[in-house]
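The following exercises concern a single protein chain. Each task is followed by a solution in steps, to be read alongside the structure.

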Amino acid sequence: MKRRAVDTARIQALLEPFLESSLPPATLDQISIYIDLLLRWNARINLTAIRNPEEIVTRHFGESFFLARHLFPKSVASASSVARAPSPANADSAQLQAKSQLSNPSHPERSQAKREAIGSAKSKDPYSPPHVLDIGSGAGFPALPLKLWAPQIHLTLLESNNKKAAFLREVARALTLTNINVIADRAEVLGARPDFPRTQVVTLRAVEHFAAILPQAITLMAPSATLALLIGTAQIPLLATLTTLKWHPPIPVPQSQARVLSIGIRE
């Protein structure tokens, strides 16, 4: 059997600062397979400038899972099977559980932002899995780790580069992921299409021309939808000037001096 670039025990150790609980063995194995595919394809097409496998775990997977656990606290890390969304009668108890999982007494504002983001990320139909759109997916971050974390979501990856789109489809096939759609197109093209359904959750990370893409991302959001961004602190001032979303206080990404998770809600 071929030795993998990073074994599952090491992956778990590297991800600890970004998570509140351990990932199950099956998910760690999927991450290991993903890393091997990324390294192999990266030798032919430019998917990531990071070549060190352990850096790939922390920089790409770590950030992505950090975003995932704030959007969807009920995940593969907290349950052996995917739980159905709570019924309206149980909504209060679900929110209390999310609070106990995520609250940090030293950062009450961030805890409140997390709770509201979680509520916004849920579908209006409590039994319908959320639809998530990732713009400029590149090598698949944060979208594919988000799918590993919350397998119940319907995921669309938007990547205009055809070779990168082919890579994303190959990862989805190799990891046997379902309810995934890879679209090789640009955000402005989809945003101009009235027949393209608007989405409950939109994610964005490390895209070029951030100031131009941000308003386009908002056109793809449904009413009351959530926009989750992994950005640099220098980009935070743009959020208020380029959007009318309700932005919660940015949450620092672990092991980074200049990276934050910023969550906005369309009112």
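## Exercise 1: The setting of serine 137

Serine 137 lies in the loop between β1 (131-135) and α6 (143-149). The model is a predicted one.

Task: Determine whether serine 137 is buried or exposed, and state which residues beyond its sequence neighbours it is in contact with.

Solution. 
1. The relative accessibility of serine 137 is 2%. Buried means under 20%, so serine 137 counts as buried.
2. With neighbours within four places in sequence left aside, the contacts of serine 137 are Leu157, Leu158, Glu159 and Leu168.
3. A further reference point is isoleucine 183, 46 residues away from serine 137 in sequence. The C-alpha atoms of serine 137 and isoleucine 183 are 9.9 Å apart.

## Exercise 2: Helix α2 and its two partners

Task: Describe how α2 packs against α3 and against α7, and give the class make-up of each contact.

Solution. 
1. Helix α2 (residues 25-42) and helix α3 (residues 53-71) have axes 11 Å apart, at an angle of about 120 degrees. Angles of 65 to 115 degrees count as roughly perpendicular and those over 145 as roughly antiparallel, so α2 is oblique to α3.
2. The crossing of α2 past α3 is right-handed. On the α2 side, the contact uses Ile31, Tyr34, Ile35, Leu38 and Leu39; on the α3 side, Pro53, Ile56, Val57, Phe61 and Phe65. By class, this gives 10 nonpolar residues, with no polar and no charged ones.
3. For α2 and helix α7 (residues 162-174), the packing angle is about 155 degrees and the axes are 10 Å apart. The two helices are therefore roughly antiparallel.
4. Here too α2 makes a right-handed crossing, past α7. Tyr34, Leu37, Leu38 and Trp41 of α2 meet Lys163, Ala166, Phe167, Glu170, Val171 and Ala174 of α7. This contact has 8 nonpolar, no polar and 2 charged residues.

## Exercise 3: Helix α1 against α3

Solution. 
1. The axes of helix α1 (residues 8-15) and α3 cross at roughly 55 degrees and come within 9 Å.
2. The crossing of α1 past α3 is right-handed.
3. The contact of α1 with α3 comprises 6 nonpolar, 2 polar and 2 charged residues.

## Exercise 4: The chain as a whole

Task: State how many helices and strands the chain has, what share of its residues is buried, and what share of its contacts joins residues 24 or more positions apart.

Solution. 
1. The protein chain has 10 helices and 8 strands.
2. Of its 267 residues, 49% count as buried.
3. Among contacts with a separation of 6 or more, 70% are between residues 24 or more positions apart.
4. The accessible surface comes to about 12,400 Å², with 53% belonging to carbon and sulfur atoms.

Conventions: Residues numbered from 1 in each chain as written. Predicted model: local features only at pLDDT ≥ 70, side-chain atom pairs only at ≥ 80, totals over all residues. Heavy atoms only, no water. Helix = DSSP H or I, 4+ residues; strand = E, 2+ residues; numbered from the N terminus. Buried < 20%, exposed > 50% of the residue type's maximum accessible area, 1.4 Å probe, protein only. Contact = heavy atoms within 4.5 Å. Areas by Shrake-Rupley, 256 points an atom, 1.4 Å probe, with all protein chains shown as cover. Axes fitted to C-alpha atoms, helices over the stretch in contact; angles between N-to-C directions. Parallel < 35°, antiparallel > 145°, perpendicular 65-115°, else oblique. Left-handed = near helix turned anticlockwise from the far one by under 90°. Nonpolar A, V, L, I, M, F, W, Y, C, P; charged D, E, K, R; others polar.
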